[in-house]
Structures are given as C-alpha cells and as structure tokens.
Amino acid sequence: MTGTAATSAEEFSKVYGLDVVQVPSNRQNVRKDLPDMIYKSEKGKYQAVIEEIKKQHEAGRPVLVGTASIEKNEYLSALLKREGVKHELLNAKNHEKEGEIIAQAGRLNAVTIATNMAGRGVDIILGGNPPEKEEAEKVKELGGLLVIGTERHEARRIDNQLRGRAGRQGDPGSSQFFLSLDDDLMRIFGGDKVKSMMDTLKVPEDQPLTNPIVSRSIESAQKKVEGHHFDSRNYVLKYDEVLNKQREAIYNMRREVLREKDTKEKVLAFVKNELSGFVKAHTQDEYPEKWNIKEIYEDVNTIMPVSSDVISEIGGISKKENISPLERKEEIEKYLFSVADARYKEKEQELGEDVMRQAERAVMLRTIDSLWMDNLENIDYLRDSVGLRAYGQKDPLVEFKNEAHLLFRDLQISIGKNIASTIFKIGPVRETREAPRKVIMSGPAKTQSESGSDKDDSTSDKVGRNDPCPCGAKKSDGSPVKYKHCHGK
C-alpha cells in the first residue's frame, strides 16, 4: 500500500501482474499545488527560493524544502545561514536525530531542508508532534505547511511523495516547485531552446516564467524518462528470465541428487549415454567393415579401464552375419553396457556401497556446480557482446535467448560427460607418508619411528614452553601442567 503507485501502474501490471487500485482519501485533500516557477539560471532560482523561505519564515509559516542531492541540500543551507534564517538540515547522515527534526517540521517558524528521504512515509503534524492545539490553529490560519521543491525528479512519483507531506488528513497546505533551465530534467526536455529565447527577450535572472505550456511539457518529459527507465528495467528482466529458467533447472538437478538415496542408476545412465555416443560416432558408415572399432575401444578406455579382449568382442559383433548393421550397433551397445555394469560392480566392491554412494553424490554435485559457474561466466560474456548484433539488424534479446539455449544444452551434455569420465577414476585414499605416532613421554621428550631408528624430533621444537605438557599431567585443581614445569624442565 502506497500513496504514489498510480504513476507506476503500468510497471506493476506488466512486471508483477498486479493491478493498482486508488482508494479515496480519508478526508478531502485541500492542498494547493501551485504552478511551477521557472527561472533562466540556477542562481536566479536559488535567489527566489531564499526570498520565498524568508518571507514565509517571517510570517511564521512552517516550510519544508526538498532537494535532489546532499550537495544541493548543503548549498541551500549555506545560503540560508548567510541570510540568517534559522533552519534544520536533513541529509540522512544522522537517522535518530533527523527523525526527531522531521517530526517537528510542522511547528511555527520551522524551516527544514531535506533530501528525498523527507518524502517517504513521514507524517508531518501541524503544530509539532505531539501537537499544541493553539500553535496548530495558528499554522492552519497561515495556510499550513508549505512544501518547496527545488528541482523536478525523473520520476513523478518522487515529486508526488514530496508534495504529499503537506495537506495531510484534510489539513491546509500548499506546494510549489522552483526550477531553472540548468536543471538536469530541463536539459533533457530541451531547456537550451527556452534559455536562448529568454536571452533574446532579455528576461532577467530573477524573473520567473510561469507558462502552463512549459509546465505540461516538463511533466511530459518526466513521463518519457519514466517510460525509458521502465523499458530498460523490463529489458533487463527479460534477459534475467532466460537465466532464471536455467537456474531453476540446475537447482532441480541438484535437489534430485541430494534427495535420492540410490544414485547408482543415475550415474550409470550418464555412463551408458556416453558409451552409446561413442558407438554412434564411429559406426556412421553403412558398411560395418568400415566401422572404426579401434576408436570405439580407445574412447571407452577414457571412461573406464577395459582389457584388449573388448576390442576383439566388438570386432566380432561388427562382423556377425545374418543381422542388419542397426542390429549390430545395438548388440555392441548392449555388450558395452554389460561391461560397464561389471566394472561398476567391481568399483562398488572395492570401495564399499556406502562410500560409493557418497562418492557418486560428491562427483555429481561438484561437476554440476563447477560447470554451472563456467556457464554463468559465459552468459555474462554473451550479454555484454550480444548488443552488437543490433548493427546487423538482429534483435539482441532474440539472439541472447538462442545463444543462451545453446550454451545450456552444451552444459547439460558436459555434465553427463564429466560425471561419466570421473566416476571410474575414484579410489580409496592411499597414504603417501607415515602418519605421525602419538607421543608418549618417558625421560627426554623424543619420538621414535616405528622402525625403532634413532632419527628423532625434539618435542620442544613443537610444544611451546607455556603450552600444556603432552604427557597430560594435571594440577590438583584439574588444570593442565605447563610443559616448562613438566617434561620441558
């Protein structure tokens, strides 16, 4: 629920599928939104803002001034100090103190200068917070809170947020924007032409232009800028939707690996798919005598260790008579599948079933994660470069979707290949050097090797003087005895 969603209704609908419904205000809004005051230069604008603040301050009316940046915020504060106008400065640097300041911005004579943060969800109560009845009535008689905007923002929503600080719950109030042709939005709108016209007519810097046509043009420019930003965000969203579908597929794959108790069949499926690929790749020729049997054997050997008997068996199947070439291919595949099942059973017996299941899960997860990270990098490179396709009269988004699809298909193939080529290579951990024996102290602190040789390491090189003694000695209170007081004496 927000008071400023109406200007972004299109984006809520297209991006989130949400409708925006306007709820009538609790009390009638009597705030006066005065026409914009447009000045030739920024200097003239700020002079006019200072004069307006001084005038309202002398009358006792509370004023809230909104600025587009901390830099402008502090610049305006310096101008007010020079004029001797007491004011409070808000720029989100001290949240606790600033919360108290903004709560009292509706008091008599209060002048508050704030960045956009003052426009968000702050309820300024006339007469202070808690309000003093007499003071609140005086403020109402003066016209309520005056909100001054020193610059139009790219989003109308932010301007409306600032305006909405005045005239709350049926209270009186007014708002007015002071603009200059040097403002960012005015330059986008084409303020240079208006400035040139004002120069030609010799309009002084302190004389405002209040033409409603210009004000409507500014609002039109805001709509165009909002539309441009929305299109940019929407375009980024469409790019991300492509990656999000891939992300969901990969995460589902990982979840299946983590949830399945028996991963053997899944791993064997990857292995058999690779073996099938080898057979298809080297039996393309319609004449079996031209099939490359040696290449099939060598490819199979990259996945799992097989004896030279395999090449003889495959060769024998390829020369079978009275069966078609397709049937021979199928027999070769079935034979290789049976070899894979046998080798897998041997690996399972070598490691043990429990260890094998853990190894399968670890290999699959590591492979998926590693290749997914590579894919993310490739997607980033693709996104950076695909924009250039526009020069060839191609839609970058369509090109991105097509290329990303191909990358993901390659990723899925690579995951299967890597798992198949890794699973037969795992084996029990073999110690490459002797594990150190537990130190048992007796006399001089030395460790002997299992062979009983005298190549000894001094324990004092490993144990600090103030460390607990390795012998485990304890004091009467149960605390450990230091090494220097025990075997390190």
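Predicted model: local features only at pLDDT ≥ 70, side-chain atom pairs only at ≥ 80, totals over all residues.
Let's start with the helix pairs. Two packed helices are described by the angle between their axes and the distance between the axes. Here are those values for both pairs:

| Helix pair | Angle between axes | Distance between axes |
|---|---|---|
| Helix 11 (residues 293–303) and helix 12 (residues 309–318) | about 140 degrees | 9 Å |
| Helix 13 (residues 325–351) and helix 14 (residues 353–386) | about 110 degrees | 6 Å |

Take helix 13 and helix 14 first. Angles from 65 to 115 degrees count as roughly perpendicular, and therefore helix 13 and helix 14 are described as roughly perpendicular to each other. Helix 13 goes past helix 14 in a right-handed crossing. On the helix 13 side, the contact uses Y344, K347, E348 and L351, while helix 14 brings in E353, V355, M356, R357 and E360. Sorted by class, that contact of helix 13 with helix 14 holds 5 charged and 4 nonpolar residues, with no polar ones.

Now for helix 11 and helix 12. With their axes at about 140 degrees, these two are therefore oblique to each other. Helix 11 also makes a right-handed crossing as it passes helix 12. I293, K294, I296 and Y297 of helix 11 meet V310, I311, I314, G315 and S318 of helix 12. The make-up of this contact between helix 11 and helix 12 is 6 nonpolar, 2 polar and 1 charged.

The largest pocket comes in at about 1300 Å³. It has 35 lining residues, and T2, G3, T4, V23 and S25 sit closest to its centre.

At least two lining residues each come from helix 1 (9–16), helix 6 and helix 9 (212–259). Helix 9 contributes the most to this lining, with 7 residues. Charged residues number 9 in the lining of the second largest pocket, next to 4 nonpolar and 4 polar ones.

Terms used. Residues numbered from 1 in each chain as written. Heavy atoms only, no water. Axes fitted to C-alpha atoms, helices over the stretch in contact; angles between N-to-C directions. Helix = DSSP H or I, 4+ residues; strand = E, 2+ residues; numbered from the N terminus. Parallel < 35°, antiparallel > 145°, perpendicular 65-115°, else oblique. Left-handed = near helix turned anticlockwise from the far one by under 90°. Contact = heavy atoms within 4.5 Å. Nonpolar A, V, L, I, M, F, W, Y, C, P; charged D, E, K, R; others polar. 1 Å grid on protein atoms, 1.4 Å probe; cavity = no way out; pocket = protein on both sides within 12 Å on 5 of 7 lines; lining within 4 Å. Points joined across faces, edges and corners; volume = space filled by probe spheres on them.
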